[in-house]
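Here's a quick tour of a protein model, written for someone who likes to know the cut-offs behind the words. Have a look at the structure first, then read on.

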Amino acid sequence: MVACDEAAVVAIFCTENMIMKDRNIPLYTTRMKVAELIESDYNLLLLFPRFGLELGVGDSTVSELCIRQGVSPQLFVMMCNIYSHTDYMPSADDVRQLDVEQLLGYLSRSHTYYVVSRIKPIEEQLKALSAQCSQAHSAVLQRFFAEYEQEVLNHFSYEENTVFPYIRTLMACHKMQPTYDIETFSHNHSNIDDKLCDLKNILVKHLRGIGMAAQTTELLFQIFSLEEDLSRHTFIEDVVLIPLVQHLEKTVYDN
Ligand SMILES: [Fe+2]
Ligand SMILES: [Fe+2]
């Protein structure tokens, strides 16, 4: 950020309704500069590929960059706020105005990202660590992770093959036999981090004397980070996707 005095930052970021959140970062808006958004929370860089957004942003605002690259600025800024402000809750009005297809695209790309760029590297690190453990520890680690990976794959596959196609049919204003609705998804939508917790416990509490402190720490960082990211992903599906589809169902079935 070029000018860092507080008044300048407030002038750039704030709107009349803006609320200061947990880390004292004002909520992001579509009018702020992209470079300043990244500077305020570099973790948001992780969202760029999930939106298919290229860097080389110059002095573009969020709105300018998103429109140039075919992304909904409102959706992008909402995701940024969810990731950076843990107590941020989007308003019902803001959620209803979102582009459903873009939200589904974002969630699908996130699924691919978790599997390819996060879970696979963790699996590789775990294999290297397991090679140095006792057979018993190695077996437990591998089993926990294999079960976790399968659970995540099943979860994503259900969303990709059942929930998202249902939403797309609904978007085409097709009234369907009432065999499925978003309420069913809402009731069954689970957290996918319980087994990660077990894995962390083994690494933190029980794995001794393998002489790989740096690798174990790095692995734990990756697991904590994945867990945090996935909890935001679940939050997005619970507080953005589900209410948006409930609204869509109302629109389709009440007409
Ligand atoms: Fe998902
Ligand atoms: Fe999910």
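How many residues does helix H7 have, and how far does it reach from its first C-alpha to its last? Helix H7 (residues 100-130) has 31 residues and reaches 43 Å, close to the 45 Å expected at 1.5 Å a residue. The expected span here is 1.5 Å times one less than the number of residues in the helix.

Before going further, some ground rules. This is a predicted model, where local features need pLDDT of at least 70 and side-chain atom pairs count only at pLDDT 80 or more, while totals for chains, interfaces and linings use all residues. Residues are numbered from 1 along each chain as its sequence is written, and chains are lettered from A and ligands numbered from 1 in the order in which they are written.

**Confidence and overall make-up**

The average pLDDT (the predictor's confidence in each residue, from 0 to 100) is 85 for the chain, and 88% of the residues score at least 70. Residues 1-21 are the part to treat with care: pLDDT is below 50 there, and the stretch has 18 contacts in the model beyond near neighbours in sequence. Two residues are in contact if their C-beta atoms, placed from the backbone, lie within 7 Å.

The secondary structure comes to 11 helices and zero strands. Helices are DSSP runs (H or I, at least four residues) and strands likewise (E, at least two), numbered from the N terminus. Of the contacts with a separation of 6 or more, 73% join residues 24 or more positions apart. Buried residues make up 22% of the 255 in the chain. A residue is buried if 20 or more other C-beta atoms lie within 10 Å of its own, exposed if 12 or fewer, and partly exposed in between, with C-beta atoms placed from the backbone.

| Helix | Residues in helix | First to last C-alpha | Expected span |
|---|---|---|---|
| H5 | 12 residues | 16 Å | 16 Å |
| H7 | 31 residues | 43 Å | 45 Å |
| H8 | 37 residues | 52 Å | 54 Å |

H7 has a kink of about 30° at Ile119, shortly before the proline Pro121. The bend at a residue is the angle between axes fitted to the seven residues ending there and the seven starting there. H8 also has a kink of about 30°, centred on Glu159, and Glu159 is itself among the buried residues of H8. Others on that list include Phe145, Tyr148 and Phe164. The buried residues of H8 pack against H7, H9, helix H10 (194-206) and H11. On the H7 side, the buried set includes Leu103, Tyr106, Leu107 and Ser110, and the buried residues of H7 pack against helix H3 (47-51), helix H5 (73-84), helix H8 (135-171) and helix H11 (213-253).

H5 is another story: nine of its 12 residues are buried, so H5 is largely enclosed by the rest of the structure. Its cover includes H2, H3, H4, helix H6 (92-96), H7 and H11.

**The cores**

A nonpolar core is a set of buried Ala, Val, Leu, Ile, Met, Phe, Trp, Tyr and Cys residues joined through C-beta atoms within 7 Å. The largest one has 33 residues, and those with the most contacts inside it are Val62, Phe76, Met79, Cys80 and Leu103. H5 gives the largest share, seven residues. Why does this core lie between domain 1 and domain 2? Domain 1 (6-88) and domain 2 (95-253) both give residues to it, so the core sits between them; the domain bounds come from an automatic or database domain assignment. Cys80, for one, is in contact with Tyr28, Leu37, Leu44 and Leu47, leaving aside neighbours within four places in sequence. A second, separate core of 13 residues includes Leu129, Ile192, Leu196 and Ile223.

Ala131 lies in the loop between H7 and H8 and counts as exposed, with 10 C-beta neighbours inside 10 Å. Ala172, in the loop between H8 and H9, is exposed too, with 7 other C-beta atoms within 10 Å. Just after H8, Cys173 takes a positive phi of about 60°. Leu220 in helix H11 is partly exposed, with 15 other C-beta atoms within 10 Å, and touches Lys200, Leu203 and Val204, not counting residues up to four places away in sequence.
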